[in-house]
Amino acid sequence: MIQRPKGTYDVYGSLAKKQDYVKRMFGAVCESYNFGYIETPIFERSELFHRGVGETTDIVTKETYDFQDKGGRDITLRPEGTASVARCVIEDKLYTELPRKFYYIGQMFRYERPQKGRYRELRQMGVELYGSSEPIADAEVISLGKNFLDELGIETKVIINYLGGVETRKKYREALIKHFEANIDEFCEDCKERLYKNPLRILDCKVDNNNSLMESAPSILDYLSEEESENFVKIQEYLRYLNIDFEVDTRLVRGLDYYNNIVFEFKTLDDEFGSVGAGGRYDGLTASLDGPSVPSVGFAFGLDRLVDVMNRDNIEVENSNIDLYIMNVTENELMYSYNLAQDLRMCGFKVDIDLLNKSMKAKFKEVDRLNPKYIIIIGEEEVKTGVLTVKDNLTKEEQKIESTELLDFLNVNL
Ligand code: ATP
Ligand code: MG
């Protein structure tokens, strides 16, 4: 038997319904903020992620699916969406009309150790806001994310931090190196690697989380310029104004190199799954990809993790059973039934029919499985008179309805 690759899963049945619901909800919230849908290729030139996401990030050093195509090009399955959207903004010169707002939904690929809430093929839903460095743009993006989570019924908290610009991080890097250097032997191999390359990432380490040097590490907020501090204060004011509960965590640094200024995460209250979404500002990204400098801010939610949380919290999505099952009594009524099914489908109802030419007993068994709201039974009499037998599948009550009045009846009752 051929098995699915490690870290992947198949999507069908109730899981498909749930994912579909979450994606549609995300799309609706994004549209309400006037973000437009964007789709970029699932594979890109490897260079995009090496330069865009950063050579020292876990995503690029350990987690990418790289291969050479038959033309000898270095290709990478996208591990995240932001670099690809930035590439598109530059390539198609979308920066000529700013601000512009995008959202995307799709598969990403990371070679990680599979575990709860962590897959090798994952699904992310994200937004990208281009062309504003105003704190209101940061607040807009965070509020979109929080509204979406509230709509889903998932209780979350927003964690924020402020990384400042290049100068600030340079000073802070030095302070961190000084802080960890003498005792770096106590830390994991990854952190030893990170010390000189990307010491901010030590703060993010899941292995050394409880080391006391983490608690005593210097705070980036002490290194912000006056302007940066003011900007951070303003963002917090807007969030308070929007009634968004947030916590400042000075150890939140995010895994990707391109972040500056605001960074944030959405977490469930018990934090069982890690973050369900994360993002921040990346004003330097387009320039690092040889484009013009365009300020941008965005985030990505993990769709898989969101659904895992919904399952754990028994959050059900709207009942999306079929509306109608059209049941022909014998083969003689099949064409009449099929016609009716087609008409009702054109009117927007979700309709199923017997595809197996089963016995009446088997048809009713099928009805139990599909659980339609109504069953329309078509026998010889119904075809002759045009008076249909409509059975409410919940109350089991039957009534006769003229075929000409069926639509009115369904529109009122469904
Ligand atoms: P983590 O710290 O959990 O590894 P990350 O910093 O790699 O997360 P991002 O790259 O910011 O996360 O991705 C945004 C969101 O995508 C995360 O908050 C999470 O919900 C989801 N995500 C990231 N990696 C995976 C994965 N391997 N499987 C499923 N979801 C993931
Ligand atoms: Mg990760």
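**The shell around ligand 1**

By class, the residues around ligand 1 comprise five nonpolar, five polar and six charged ones; here Ala, Val, Leu, Ile, Met, Phe, Trp, Tyr, Cys and Pro count as nonpolar, Asp, Glu, Lys and Arg as charged, and the others, Gly among them, as polar. This is a predicted model, in which local features need pLDDT of at least 70, side-chain atom pairs count only at pLDDT 80 or more, and totals for chains, interfaces and linings use all residues. Side-chain values use heavy atoms, with hydrogens and water left out.

Of the 16 residues around ligand 1 (a heavy atom within 4 Å of it), Arg110, Glu112, Lys206, Arg254 and Ser275 come nearest. An oxygen atom of ligand 1 lies 2.8 Å from a side-chain N or O atom of Arg110, and an oxygen atom of the ligand is also 2.8 Å from a side-chain N or O atom of Arg118. For Ser275, a polar side-chain atom is 2.8 Å from an oxygen atom of ligand 1. On its own, ligand 1 has 590 Å² of accessible area (Shrake-Rupley method, 1.4 Å probe), and the protein covers 92% of that.

Strand 6 (121–130), strand 10 (275–281) and strand 11 (296–302) each give two or more residues to the shell. Strand 10 supplies the largest share, four residues.

The protein chain as a whole has 15 helices and 16 strands, taken as DSSP runs (H or I, at least four residues, for helices; E, at least two, for strands) and numbered from the N terminus. Its C-alpha trace spans about 90 × 55 × 45 Å along the principal axes. Of the 414 residues in the chain, 52% are buried, meaning under 20% relative accessible area with a 1.4 Å probe, protein chains only.

Definitions and conventions:
Residues are numbered from 1 along each chain as its sequence is written. Chains are lettered from A and ligands numbered from 1 in the order in which they are written. A polar contact is a pair of N or O atoms within 3.5 Å; within protein, one must be able to donate a hydrogen and the other to accept it, and residues adjacent in sequence count only if both atoms are side-chain atoms. Buried means under 20% relative accessible area, exposed over 50%, partly exposed in between (1.4 Å probe, protein chains only).
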